[in-house]
Amino acid sequence: MAIPRLHFAHLPTPVETLPRLSEALGGARLLIKRDDQTGLAFGGNKTRKLEFLIAEAREQDANTLISGGALQSNHCRQTAAAAARFGFECILVLSGHQSQHASGNLLLDQLFGAEIVYVADRKDRDCVLQQTVERATKEGKKPYLVPYGGSNATGALGYAFAMKELLDEKVMADWIVFGSSSGGTHAGMLAGQRIFGFSGRVLGISVDESEEWLKSEVSKLASATSKKAGARIEFTPEDVHVNADYCDPGYGIVTEREREAIRLFARLEGLLLDPVYTGRAAAGMIDLIRTEFFKKNETVLFWHTGGQAALFAEQYADEW
């Protein structure tokens with residue numbers, strides 16, 4: 001079955017060793033998958049998803065992409081860039097207050113020509129997003145709603161095929177570790193693990209959601225993703241590996257754990273993480289190495305999902 005897809009990500013992304021960080025932590029052998037180098041607007045994991053989502057939008061004859069997220073959303077930055085590249089209008093519904101001096105991802109959203117709709121309270125974002133779709137339709141546009149984080153069965157295909165890429169490159173790892181939030185990357189990896197036969201374990205470090213929510217949502221989304229890829233596989237919450245021990249401070253709140261992780265990657269490996277997703281996921285991974293959850297004879301692959309533009313956001317200027 002041919003699955004509609006546009007090929008614009010820079011794939012395969014490199015896999016590199018992290019020898020100095022591995023030595024400093026004194027634990028498992030560490031690898032990193034560089035999805036911060038997918039090529040679109042500073043890269044990131046959403047580019048893989050957008051290859052399938054933009055193809056679907058074209059099939060539906062849409063001319064306007066609409067999506068939403070936080071003010072410093074990596075997903076929205078990549079969506080706006082993809083819209084510019086393929087000739088779509090773009091409207092982004094962002095939760096947060098408009099600043100006189102746009103910075104980080106928000107600055108890039110504007111540079112790519114996206115219309116920004118600001119929502120003061122995150123709780124109102126879903127409602128405003130739907131109103132924005134209705135407004136665009138009334139104005140004669142043909143909107144395509146890109147889900148939060150690109151996280152539906154279509155978008156998650158990006159990470160099902162990313163697992164095939166990993167196997168094609170003959171990368172061996174006992175664990176894959178990454179940040180999990182809206183669940184699309186997680187669900188795609190889980191589906192791809194089963195479809196293509198990856199023998200290691202896939203562990204999502206929650207950025208903001210509870211273990212119960214992620215297990216439920218990721219298992220349902222992985223099942224739907226497998227159906228789009230071919231034969232449906234029924235995943236259960238027990239199939240989903242999640243650690244939600246590090247998300248209590250809340251979404252986008254930087255603690256000393258994230259600061260330490262970002263500094264360690266920078267000073268030992270010359271690699272940049274972001275404050276929200278990879279910073280928290282790396283902080284969790286580091287703690288799990290120190291507490292010997294990961295064994296010294298195991299290989300752990302940290303999947304870098306991008307987002308470094310947020311390092312330069314005004315709200316994080318005093319963190320480093």
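Reader: Which residues form one aromatic cluster?

Author: Phe52, Phe161 and Phe196 do. By the way, this is a predicted model, where local features need pLDDT of at least 70, side-chain atom pairs count only at pLDDT 80 or more, and totals for chains, interfaces and linings use all residues. Residues are numbered from 1 along each chain as its sequence is written, and side-chain values use heavy atoms, with hydrogens and water left out.

Reader: What makes Tyr159 and Trp303 an edge-to-face pair?

Author: Rings of Phe, Tyr and Trp (its six-membered ring) pair if their centres lie within 6.5 Å; planes under 30 degrees apart are stacked, over 60 edge-to-face, the rest tilted. Here the centres are 5.7 Å apart and the planes at 65°, so the pair is edge-to-face.

Reader: Why is Ser151 called buried?

Author: Buried means under 20% relative accessible area, exposed over 50%, and partly exposed in between (1.4 Å probe, protein chains only). Ser151 has 15% relative accessibility, so Ser151 counts as buried.

Reader: How do you know that the charged end of Arg122 sits over the ring of Tyr251?

Author: The rule asks for NZ of Lys or CZ of Arg within 6 Å of the ring centre and within 35 degrees of the ring normal. Arg122 is 5.2 Å from the centre of the Tyr251 ring, and its charged end sits over that ring.
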